[in-house]
Amino acid sequence: MACIDLAVSRGSSVRKVGTPSSRLSSEYAVRSPQAVAVPRKTNFDHSKLYTTEKQQLKKSSSPSSPSDSPCLTTPASAKPAKKHLNFAQRLAEKVLDTVERNLESRHLRDESPLPSTVDPHVQLEGNFYPVDESAAQHGLEVDGTLPACLHGVYVRNGPNPQFFPTGRHHLFDGDGMLHAVTFDEGSVSYACRYTRTYRFREEERCGRAFFPKPIGELHGYGGVARLLMYWTRSLLGILDASQGMGMANAGLVFFNGRLLAISEDDIPMEVRITEENDIETVGRYDFHGQLKHSMIAHPKIDPDTGELFSLSYNVLSAPYLKYLIFSADGEKKAEVPVTLPEAAMTHDFAITKNFVVIPDQQIVFRLKEMLTGGSPVVLDGTKVPRFGVMPRYATSEEELQWIEVPDCFFFHLYNAWEEGDEVVVIGSSMTPADIIFKTSEVPRATLTEVRLNRTTGLSRKRDLGHLNLEVGKMNPQYVGVQTQFMYLAIVEPWPKVSGLAKMDLQTGEVVARYNYGPNRFGGEPVFVPRTSDPGAAEDDGFLLAFMHDEDSGLSELLVLDAASPSLQPVASVKLPSRVPYGFHGAFIPADELSRRA
Ligand SMILES: [Fe+2]
């Protein structure tokens, strides 16, 4: 399952599925100096497909052939690897390919027009549209003065489909692409690269997308057919299912010298920043065989111990969820199965200094729903959401205490801490909970405090402000301890991010706010402490956030003073090419990066 960061119900309109518009005019490329600065030309100039709300993509009624299926990548230095298949496998691959295309054509005819949540022309509209890879470009122009603490690399993950979808596609179904801005002794570089997952490499080899897309395609009979085709390829040895089918497009964490790109549908992918400030995929990283199942995209690292805490889940068989702890040097210290009545979507969790908080919410997985034409992702309105509180170093779930929290659905849990008998959890409560699968409602994402009383077994819930706020970050030195401030994306108009808010978690007030301006939008902020001095103020640092101007077509990386009353920008890095809206990021200081494995 891909990251559920920003719901993508962009209106309730529906359109017909379109042909990859590979022959559209290059209006964007002509008017945007960034578009022509991309150094590597791919075999399909998808920048021509970038549209603003004023433009429309062409429509068509049938899937494309391999020859006109637009490959959005394949830089010259990374040609698809040749695969050795025997004669029978090659023949089977061709037969399966033909069958699959026929199924796609029939399915599209039956489904047209598509709901907007899976219509690629809606999901990839404007600056949600993918970009080409870009090798490192150095000496970028900077307005203002960069703080001295910005010595390292800011990396942001996001979806960027390798091929323009020929059918159902949800934004979260895109191949993972990383955008890295490196600050190196006064010089600033930028690079963006795909994370070369097994899915990515196999589809690159075949010249078309055929792995099941977890949100867009795993629905009804078409989803069953897509899975059967995948399993058949695996049984015939054309694909190696043990290599996974994840996209690594959501989260990022730097742990034990390794930068990991993660989506909760697979084991993490290790990537690295090269000496040239480029990005390189190292490979799948299963913690040296210690991780057997998918890991959620939001592991937590204790800043004091360096330990990594996470959840692993398996939607096919119990135990559906496992709680994991890895020591700072990567050794698994604990694995605690968590018994759930059925598999539930668990995108995030939280830790305190002594406890872990594990949500069990209303979005559940019921694969059998596909056999009756439905979605396997179901909102169970009869289920009372609950949070499990367990000692951080528990060895058995017998120590886990479930506490019900009615009317609460957190995609993201930003932090948690202890106050007496209570565990306090901060997250954004989404309404409706299944907004990423529905099109008709305008969602609410309310910053919310939940208090879980371990003595009474009861909970209390409090709204913090009235803005639509998601993808929050805080000072990373405060993981698991009480924080006063949280920095969040203002997701208005949904799903675009029009600015950033600094929230006081005690008063629920907006203490500082920065609006990007007309037709300028961004995403998640990342907090970089100005100093490692433990006596420094919690908000003594800077926010990093990509911002895109939809009028000029230009993208920037903004650096904002987190302590100023207005989140005052102190610097802006002018980026050489467009950066699509994406998911989560991280800043890795140079001294930590130098200790990479
Ligand atoms: Fe997320």
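Q: A residue counts as buried when 20 or more other C-beta atoms lie within 10 Å of its own, as exposed when there are 12 or fewer, and as partly exposed in between. So what makes Asn519 partly exposed?
A: In this predicted model, Asn519 has 14 other C-beta atoms within 10 Å.

Q: Where does Asn519 sit, and what is its phi?
A: Asn519 is in the loop between β28 (510-515) and β29 (520-522). Its phi is near 55 degrees, which is positive even though the residue isn't a glycine.

Q: Why is Asn277 called buried?
A: Count the neighbours: Asn277 has 21 C-beta neighbours inside 10 Å. The cut-off for buried is 20 or more, so Asn277 counts as buried. Asn277 also has a positive phi, near 65 degrees, again in a residue other than glycine. You'll find Asn277 in the loop between β8 and β9.

Q: What makes β16 and β19 a pair?
A: Same test. Strand β16 (residues 355-360) and strand β19 (residues 386-391) pair in the antiparallel sense over six bridges, and at least two are needed, so the pair stands. Phe355 stands opposite Pro391 in β19, and Pro359 has Phe387 as its bridge partner there.

Q: What puts Val425 among the residues with the most contacts inside the largest nonpolar core, and what does Val425 touch?
A: A core links buried nonpolar residues whose C-beta atoms lie within 7 Å. The largest one here has 141 residues, and Val357, Ala416, Val425, Leu543 and Leu544 have the most contacts inside it. Leaving out residues up to four places away in sequence, Val425 touches Ala350, Val357, Phe387, Leu413, Ala416, Val450 and Leu452. There is also a second, separate core of five residues, including Phe163, Ala209, Phe210 and Phe211.

Q: Which residues of α4 are buried, and what do they pack against?
A: Helix α4 (residues 198-206) has Tyr198, Arg199, Phe200, Glu202, Glu203 and Glu204 buried. The buried residues of α4 pack against β5 (187-194). After the helix comes Gly207, with a positive phi near 80 degrees.

Q: What joins Ala318 to Pro319, and what joins Thr431 to Pro432?
A: Between Ala318 and Pro319 there is a cis peptide bond, with omega about -5 degrees. Thr431 and Pro432 are joined by a cis peptide bond too, with omega about -10 degrees. Pro319 lies in the loop between β12 (308-313) and β13 (321-326), while Pro432 lies in the loop between β22 (422-431) and β23 (444-453).

Q: How confident is the predictor in this chain, and where is the pLDDT below 50?
A: The mean pLDDT is 85, and 84% of the residues reach 70 or more. Residues 1-78 are where the pLDDT is below 50, and this stretch has 199 contacts in the model beyond near neighbours in sequence.

Q: How many helices and strands are there, and how much of the chain is buried?
A: The chain has six helices and 34 strands. Of its 597 residues, 52% are buried.

Definitions and conventions
Residues are numbered from 1 along each chain as its sequence is written. This is a predicted model: local features need pLDDT of at least 70, side-chain atom pairs count only at pLDDT 80 or more; totals for chains, interfaces and linings use all residues. Helices (H or I, at least four residues) and strands (E, at least two) are DSSP runs, numbered from the N terminus. pLDDT is the predictor's confidence in each residue, from 0 to 100. Two residues are in contact if their C-beta atoms, placed from the backbone, lie within 7 Å.
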